[in-house]
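Here's a quick briefing to read alongside the model. Have the viewer open and follow along.

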Amino acid sequence: MAKVLMKGNEAFAAAAIKGGCKYFFGYPITPQNEIPEYMSRELPKIGGCFLQAESEIAAINMVYGASCAGARVMTSSSSPGIALKQEGISFLASAELPCVLINVSRAGPGIGGIQPGQADYYQSTRGGGNGDYQVLVYAPASVQEAVELTANAFEIADYYRNPVMILGDGMIGQMMEPVELKEPIIRDASPKTWALTGTGGQRTHNTIKSLALEPDDLEEINLKLKAKYDVIQEKEVQYEAYNLDGAEIILVAYGTVSRIAKAVIDDLAALNIKAGLIRPITLWPFPYKAFNDLPATTKSVMSVEMSFGQMIDDVKIAVNGRVPVDFYGRTGGNVPSPEEIVCKVKEILGGAES
Amino acid sequence: MKDHKFIISGFGGQGVMSLGMMLAYGGMLEGKEVTWLPSYGPEMRGGTANCNVVISQKPISSPVVTKATSVVAMNLPSLIKFEKNVIAEGNLFVNSSLINEKTSRKDIHDYYIAANDIAIEMGNDKAANMVLLGFILAETQAISLKSVEKVIEKLFQNKKALIPLNIKALNIGYEFN
């Protein structure tokens, strides 16, 4: 198929339909409005349903309902809207209901601004809602990667019976790049015999709930979820390791910031500083193993984020004290420039030498 | 080919977003790597609007342009804001219909085109962005004139009446010097 020039948000939506999405429930918020706009136009054409809910909380509970009925369903929002959805996300994870969530994140806290941000890392990877649960979190760095991860997300959600989140940011939502829409990678998910589709008088009814008042019953559910998360951590880690051989400094960045990091690596090469990049594609499960074999040349690992430093916690866990972990970040909707990052790298390496 | 990195800026309604998109689209038709990154937010309502376009033979690392090979300024605030972002020996394209000032930079190539006046003369003020785009193509050779003509035909396939006007404006700009 020929490539088409698509805006990130439209590409998310087109890819979701490619991935089998038939139902979308959401509430408008910048900078992701092209997703519901696209869905409102396209879903009715394929016999699906787009519904603008009265609030984010209503939207996520509609997702819960549709997922209970076995449908392929999604919602999208941006940071403060995703915050409102956390209760529902916890319920979905608890009831093991598959769904896809897209967060085109913006700068916070609170209502914040509408420019890009990455300060939802904790919210996404640490369980934004209550209780011991996880959602798979994918962070695309290009519009092409966004369509691939989104199209595959529905299969993964069904396979694990778990919510899957795509964490983008305002930049990837708004930018245009050539993309090729591909068919999703099919997972061998079991049939949804658990879904509430009516017994037809042929079987006993199914029950889906997230309430378990007996501690032993609830602990059993927790253990079952834990076992599933262990499998996900073992099997679903994705990352890109770039230019690590002989690197004096390794940058760690995800999403659009990882692309700026690549420009920094070129700029540093021109100054005879060898730098590499570890780019987590899955934020949960985090690619700790990518840090197992750091080159002997590495003097520092530096997390670069559009936040005050959230992913750096996982980077520190991964590096485990072997080399210093440094940080550079911008917030408020500002995107770190290659020049600023180069400056910070020179400061770190200069300091290490003296 | 060297990477082409554009900052295209003006006020909302001048067609700076479409100008940038046509560059990106045309680059894609030539099989090049392209990114188009718009500014978005309150500044678009009446203030300056701008977009960053990168055209390259290799996968593009950053879509954010801070060191531009070309800056296109459709109005004065754009010139003031972005002339510093042009790299040495880079290009600055100024719409002199709306901007009386000249750049103070001595280390760049500066061009002054009365895009609105030329567009009015040929019959439609709204085609000023196409005049400017034609001129930019001639000076930068970022992509071919043919590719942009193809883009115009694709983008206006539901408003076919506008195709000849846009192609004419593009060619007037291309041949202007």
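Among contacts in chain A between residues at least 6 apart in sequence, 80% link residues at least 24 apart; two residues count as in contact if their C-beta atoms, placed from the backbone, lie within 7 Å. This is a predicted model, where local features need pLDDT of at least 70, side-chain atom pairs count only at pLDDT 80 or more, and totals for chains, interfaces and linings use all residues. Residues are numbered from 1 along each chain as its sequence is written, while chains are lettered from A and ligands numbered from 1 in the order in which they are written.

**Overall build of chain A**
- Chain A has 12 helices and 14 strands, taken as DSSP runs (helices H or I, at least four residues; strands E, at least two) numbered from the N terminus.
- Its radius of gyration is 21 Å, close to the 20 Å from the globule rule for 354 residues, so chain A is as compact as a globular protein of that length. The radius is taken over C-alpha atoms, and the rule is 2.2 Å times the number of residues to the power 0.38.
- The C-alpha trace of chain A spans about 80 × 50 × 40 Å along its principal axes.
- Of the 354 residues in chain A, 52% are buried (20 or more other C-beta atoms within 10 Å of a residue's own, with C-beta atoms placed from the backbone).

**Two domains in chain A**
- Chain A splits into domain 1 (4-235) and domain 2 (242-353), with bounds from an automatic or database domain assignment.
- Their C-alpha centres sit 29 Å apart, and the contact takes 26 residues from domain 1 and 22 residues from domain 2.
- On the domain 1 side, α6(A) gives the most, with four residues.
- That side of domain 1 divides into 15 nonpolar, nine polar and two charged residues. Here Ala, Val, Leu, Ile, Met, Phe, Trp, Tyr, Cys and Pro count as nonpolar, Asp, Glu, Lys and Arg as charged, and the others, Gly among them, as polar.

**Where chain A meets chain B**
- 20 residues of chain A touch 16 residues of chain B.
- α10(A) gives the most to chain A's side, with five residues.
- Chain A's side comes to 11 nonpolar, three polar and six charged residues.

**A look at helix α3**
- α3(A) (residues 56-68) has 13 residues and reaches 18 Å from its first C-alpha to its last, close to the 18 Å expected at 1.5 Å a residue (1.5 Å times one less than the number of residues).
- Its buried residues include I60(A), M62(A) and V63(A), and the cover over the buried residues of α3(A) includes β2, β4 and α5 of chain A.
- G70(A) follows α3(A) and has a positive phi, near 85°.

Conventions: Buried ≥ 20, exposed ≤ 12 C-beta atoms within 10 Å, placed from the backbone.
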